[in-house]
Every structure is written in C-alpha cells, then in structure tokens.
Amino acid sequence: MEFLINFIISWLPIFAIYGILSISLNLEIGYTGMANFGKVAFYAIGAYLSAALTMSVMLSLVGKSVPLYSIEAVQALSTPGTGAIYTHPAAYVGLFVLSLVLAFIVAGVVGYFITYPTLRVGPAFLGITVLAFGEMFRVFMRNYEPLGSTKGLFGLNNPFIWIGNPQLSQGLFALVSLALLLAIYIYAERFVNSPLGRTLRAIKDDEVAALCLGKHVPRVKATVFFIASGMAGVAGVLWTFYQGSVQPDTFVPILTFYVWAMVILGGMGNNLGALLGAAVFTLVDRVLTFAAGMMGPSLIIPPNYLRWMIVGIVIVLVLLFRPEGIRPAKPIKTPAWEAVKEVSEGG
Amino acid sequence: MAEPILEVKDVAKYFGGVRALDGVTLSVQKGGLIGLIGPNGSGKTTLFNVITGFYVPTRGEVWFEGERIDGLNPNEVYLKGIVRTFQIPRLFPSLTVLENVLLTPPNQIGEKPLYAVLRSRWEKQEKELAKKAVKLLRRFGLGRYIHANVSELSAAHIKLLETIRGLMTNAKLYLLDEPAAGVAYDMAKEMFSFVKRLRDEEGLTFFIIEHRLEVLMEFVDYVYVLHNGKLLAEGKPDEVVQNKAVIEAYLGG
Ligand SMILES: Nc1ncnc2c1ncn2[C@@H]1O[C@H](COP(=O)(O)OP(=O)(O)OP(=O)(O)O)[C@@H](O)[C@H]1O
Ligand SMILES: [Mg+2]
C-alpha cells in the first residue's frame with residue numbers, strides 16, 4: 001500500500017506534465033492541423049522562467065546576492081530547515097503560482113510572435129521554424145552562464161517542501177498538478193466544442209476554403225498557438241518544481257516527439273485520447289524506472305532501452321488494431337444539436 | 001437595374017509567360033444572372049480568383065459596390081459580401097452538413113477565443129443560427145441530410161450545399177464555378193431553377209461559369225465569353241450562341 005501510494009505520487013506529476021503537453025499538441029495538430037515540431041521550446045521557456053524567477057526572488061528575500069548557479073545559492077535556498085524555501089513558505093508557494101501565470105503568458109506570446117509570420121508562408125515552415133527555435137533556445141541556455149550554462153540551475157524543490165512530511169508535500173504537489181491538468185482538459189474540451197472549434201476543424205480540413213469563408217486563418221492559427229504554447233509553459237513550471245532543478249539538455253528535440261507519440265497513440269483530435277496516450281506512456285516509463293530500481297544490475301537490457309522498446313511495441317499494437325489511436329477523433333458538439341431537435345419537434 | 005455591383009476594369013493576370021487574363025473589362029448588374037463561358041483554359045477560373053482576392057492582378061482593378069477590392073485577402077472579400085464556389089467543390093469532410101452551413105456566418109461570438117469557452121455567451125446565437133440553417137437546408141431539399149457527413153451527399157447535393165450555405169450570411173454576389181459540372185441534366189436544371197428563384201426572391205446577384213451551355217443559356221440574362229484571357233464577345237444568350245467568333249473559339253478550342 002505504502003509502495004503504491006509512493007508510486008502514484010511520483011507518477012501523477014509526470015502524467016500531468018505530459019498530459020498538458022499532449023493536450024496542447026493535440027489542439028495544434030489534432031484540431032487545427034498545425035504540425036509543431038518544437039513543442040519542447042515552450043516547455044523549456046516555462047521551466048527556465050519559473051526557476052530563474054523563483055530563485056532570484058527567494059534569494060533576495062533572504063538578502064543574498066549571489067549568482068543563481070552558485071553553490072551558495074543552492075545552500076541559501078534549499079538547506080533543509082534553514083533554506084529560504086523552508087523559511088518563507090508563503091513566498092515560495094506564491095512564486096510557484098506566479099510562475100504558472102507568467103509562464104503561460106510568456107510562452108504564449110513567444111509562440112504567437114514566432115508563428116504568426118511563418119503561418120502566411122506555408123505549413124512546413126511552421127514546424128521547422130519552431131524546431132529550430134527550440135534548439136537555439138537549448139544551445140543558448142547551454143552557453144548562458146547567468147542561468148548555469150550546461151549544468152543548469154539547482155536549489156528548488158517541491159513547492160510544499162516546508163510542510164516537512166515528504167509524503168504529504170509530494171502528495172499535495174501531485175494533487176495540484178492533477179488539478180491543473182483537469183482544468184486544462186476542461187478548458188480544451190470547451191474550446192473545441194464551440195463555434196471556434198468548428199472553425200479549427202474547417203481549417204484543418206481545408207484552410208483555403210476556410211479563408212474563402214471569411215475566416216482569418218493566420219490569426220486563428222496564431223491564437224491556437226498562443227494558447228497551446230502557454231499550456232506547454234505551464235507544464236514546464238510543473239517540471240521545474242517536480243525536479244527541483246532545470247538543465248538545458250532535458251529539452252532536446254526528441255521530447256517533442258515523445259509528445260507526438262502520445263497524441264498519435266491516444267488519438268488525434270480527441271482530448272481524452274491525448275490524456276490516455278500520456279497516461280500509457282508515463283505509466284510504462286514509471287513502472288520501468290521503479291522496476292529497474294528494484295532489480296538493479298540483474299536487468300539484462302538497460303531500462304532505458306527496454307522503456308522505448310515497450311513503448312514502441314505498444315504503439316505498433318495500437319496502430320495495428322486501432323489505426324486512429326485509442327480514441328478516434330470526436331465530432332465537435334455545440335448546442336446546435338438541441339436547436340435542431342427543437343425545430344424538428346416543433347414542425 | 002442598370003447599377004453595377006461588380007466592375008472588372010482592364011484586369012490582367014500573368015503566370016510567368018502565361019497570360020491567363022489579358023485586359024478584361026466587364027461588369028455585373030445588381031440582381032443579374034450573368035454567365036461566363038469560354039473554352040478550357042480561357043481564364044474563367046482565374047478571373048474568379050482575382051475577384052475573390054486569391055490572386056493580385058498583374059494589372060487592372062476590381063470594384064465591388066463602389067469600393068476597390070483587388071489586393072484584399074480572400075477572407076476580407078468574403079466579408080464584403082462575395083461568396084464563391086469552387087470548380088472542384090470544397091466542403092469540410094470532418095464537419096456534418098449542418099456544421100458546414102453553420103461555419104459560414106462571419107464574426108460569430110463563439111468564434112472569439114475568449115468567448116469560445118464561455119458557452120452561455122454564444123449559446124443563444126448558435127441556436128438561432130442552427131434554426132436558420134435547418135430551415136435553409138429543408139427549403140432546398142437537404143433536410144434529410146442535416147446530420148449526415150458530407151461524404152454521404154451526391155455530387156449534385158454537394159454543389160447545392162456549397163451554393164446555399166452562403167445564404168446564411170448577407171452575401172450579395174455569388175460566383176459559381178461550374179455548378180452543373182458532373183451533375184445529371186435534370187438535376188442541373190433544378191439547380192439553375194434554384195439559382196433563379198434566389199435571384200428573383202432574394203434579389204441576389206449571380207455570376208456563373210458554366211460549360212454546359214444547354215443548361216446555362218436558358219436561365220441567364222447576359223453572357224460574357226472569354227478566350228485566351230480576353231473578352232471575345234458579350235450579349236444576350238441567343239446573340240452569343242450565334243456569334244461566329246464564339247462558335248469558332250469553341251470548335252477550335
Ligand atoms: N496558378 C497558376 N499558375 C500557372 N498557370 C496558371 C495558374 N492558374 C491558371 N493558370 C493558367 O491560366 C490559364 C487559364 O486557366 P483557368 O483555370 O483560368 O481556365 P478556365 O477558363 O477556368 O478553364 P476550365 O474551363 O478548364 O476550368 C490556363 O492556361 C492555366 O494553365
Ligand atoms: Mg476553370
């Protein structure tokens with residue numbers, strides 16, 4: 001039981017992070033038809049923004065002016081009991097919340113302005129531009145000393161670490177992550193089941209025809225990109241506080257393709273499918289991490305390989321038997337249906 | 001009656017060395033049912049593409065209701081009140097027939113990103129539009145297909161749907177690109193009767209490209225003939241079909 005609880009507590013935030021990323025990618029590719037090959041960029045923006053913001057404000061609260069990457073900063077922040085994140089709980093939680101809001105806005109705005117010009121040029125440009133942007137961001141961070149260059153930033157922890165009981169603080173963080181995921185899921189469901197969702201589907205089907213029906217296609221796409229990038233930023237904040245640190249090489253391009261695999265597995269154009277895809281992936285991942293930890297060196301195949309072998313097999317099986325993913329695309333639903341029924345019953 | 005709704009002034013469109021349009025001047029009267037004919041490759045679709053903002057003309061101007069519209073984007077041209085259909089119909093396959101119609105009214109409340117998630121803001125409008133759409137679909141015999149996928153429709157119904165969904169809006173000018181192509185003769189005649197009815201009852205204006213002259217000529221009040229990107233002839237249908245140059249162009253092309 002104890003074991004199961006620990007397992008779930010350590011899995012839920014990862015599920016929430018990838019669930020949010022999958023939903024955000026699904027809004028782009030599944031509903032609007034925009035291939036984003038650089039999702040990781042906006043995730044990284046959220047992660048770095050929250051780490052830099054929280055660390056610098058916490059350090060100034062305890063009157064330390066040391067570089068963020070220094071060992072003094074790590075000590076001043078996270079020495080158990082005496083570090084700033086233990087002695088200033090309200091500020092720490094507040095900065096967590098502020099990070100979520102700011103990461104959404106900043107990642108969203110960056111997404112909007114990177115994509116808006118490319119959207120007019122052609123669909124292929126979007127994916128490549130964002131892919132390149134993500135790599136540029138990572139390489140820049142690797143070389144940007146104030147934010148720790150290749151080593152990244154350390155010294156943060158779970159936002160509820162000051163509670164003292166690790167299971168309680170981790171459990172609380174897991175719940176908060178889950179609540180965020182749920183909120184984003186509900187938001188996405190409402191977003192697509194609306195006249196705007198109808199327009200998104202139309203753009204995905206045939207954007208030229210949508211343009212001819214008066215839809216401002218580039219603006220609609222950039223708006224979706226804003227929202228989806230903002231969501232990825234939120235996931236990045238969760239990652240920082242889950243991990244307690246950020247490193248540039250977490251944000252490699254392959255991460256974007258993991259999210260793609262989740263969406264394809266779950267079902268394009270279905271938010272619940274995206275969640276399921278994320279759940280399956282992260283569960284396999286966690287189970288293997290736990291199993292590897294218990295079995296240790298007796299494992300013949302290194303867990304990292306095994307992980308992706310199993311994921312590969314699952315994808316092949318699902319696509320073989322359910323080519324549209326676990327959950328196929330769902331028709332949009334607006335109150336138009338009710339109105340049609342009223343008309344039919346009336347006449 | 002003599003007031004033009006659309007004026008095309010000396011419009012040219014070159015694609016490299018291809019002169020798809022080469023100085024075309026014509027006008028469409030308000031409430032008119034005007035035909036546009038010409039052999040394959042004579043520039044008919046290109047003219048529609050210029051009018052609807054798809055292409056910026058190499059030369060010349062397009063005026064709609066006294067306003068210059070060449071250079072506008074297709075979505076802006078639509079908002080001015082010009083609806084087009086395509087030679088190869090372009091409906092949205094992942095939307096139902098009803099949703100294809102509901103898509104057309106511009107600037108719906110529920111299309112605004114901030115309001116989309118607040119159902120109460122747009123529910124009323126959505127229901128009103130749905131009722132209007134159902135009435136429209138029934139009026140044109142598509143009542144049975146409200147919830148059907150567009151792939152279940154016949155070719156004729158697809159063309160019909162593409163035409164009538166513009167009626168959800170306040171569009172004034174309809175550009176139809178070969179509405180009767182691939183449609184059985186009876187159905188084609190029926191389609192043109194619909195168009196005539198709309199013109200007579202709603203005062204809408206139609207500008208129609210059509211290869212099937214036997215159907216077209218019976219309904220239109222004026223015809224323009226394009227040939228190699230130039231206006232070859234114009235006039236009442238019976239004059240045009242007897243025009244020697246036109247007959248030659250068609251036989252030669
Ligand atoms: N985008 C383009 N690029 C290059 N050439 C083009 C383009 N669009 C049209 N053309 C050329 O312009 C000429 C006119 O084409 P258009 O499609 O307007 O003819 P049309 O009268 O509609 O013919 P049809 O009756 O076959 O539909 C053709 O020679 C065509 O090949
Ligand atoms: Mg044509």
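**Metal site, interface and salt bridges**

Mentor: Let's begin with the magnesium ion (ligand 2), which is coordinated by T45(B) through OG1 and Q87(B) through OE1, at 1.9 to 2.2 Å. Donors here are N, O and S atoms within 2.8 Å of the metal (3.2 Å for Na, K and Ca), and water is not among the atoms, so sites may look incomplete.

Trainee: Where do T45(B) and Q87(B) lie in chain B?
Mentor: T45(B) is in helix α1 (residues 44–51) of chain B, while Q87(B) is in the loop between β6 (82–84) and α3 (97–102) of chain B, so the pair ties together parts 42 residues apart in sequence. Helices (H or I, at least four residues) and strands (E, at least two) are DSSP runs, numbered from the N terminus.

Trainee: Before I go on, what should I know about the model and numbering?
Mentor: This is a predicted model, where local features need pLDDT of at least 70, side-chain atom pairs count only at pLDDT 80 or more, and totals for chains, interfaces and linings use all residues. Residues are numbered from 1 along each chain as its sequence is written, chains are lettered from A and ligands numbered from 1 in the order in which they are written, and side-chain values use heavy atoms, with hydrogens and water left out.

Trainee: Thanks! Is T45(B) buried, partly exposed or exposed?
Mentor: T45(B) counts as partly exposed, at 25% relative accessibility. Buried means under 20% relative accessible area, exposed over 50%, and partly exposed in between (1.4 Å probe, protein chains only). Q87(B) is also partly exposed, at 36%.

Trainee: And how many residues of α1(B) are buried?
Mentor: Seven of its eight, so α1(B) is largely enclosed by the rest of the structure. Among the buried ones are L47(B), F48(B) and I51(B). After α1(B) comes G53(B), with a positive phi near 85°.

Trainee: New topic: how much area do chain A and chain B bury between them?
Mentor: About 3400 Å², 66% of it on carbon and sulfur atoms. Buried area is the accessible area (1.4 Å probe) that two parts lose on being put together, summed over both. R198(A), C212(A) and L213(A) supply 19% of what chain A buries against chain B, more than any other three residues.

Trainee: How many salt bridges cross that interface?
Mentor: The rule finds three between chain A and chain B, a salt bridge being a side-chain nitrogen of Lys or Arg within 4 Å of a carboxyl oxygen of Asp or Glu. One of them pairs K215(A) with E111(B), and the closest N and O atoms are 2.9 Å apart.

Trainee: What about the total over all chains?
Mentor: The count comes to 26. One of the salt bridges joins E28(A) and K39(A), with 3.2 Å between the closest N and O atoms. This pair links helix α1 (residues 2–32) of chain A to helix α2 (residues 39–61) of chain A. E28(A) is buried at 0% relative accessibility, and K39(A) is buried at 1%.

Trainee: Which strands hold R59(B) and D10(B)?
Mentor: These two form a salt bridge with a closest N to O distance of 3.2 Å. R59(B) lies in strand β4 (residues 59–64) of chain B and D10(B) in strand β1 (residues 4–15) of chain B, so the pair ties together parts 49 residues apart in sequence. R59(B) is partly exposed at 35%.
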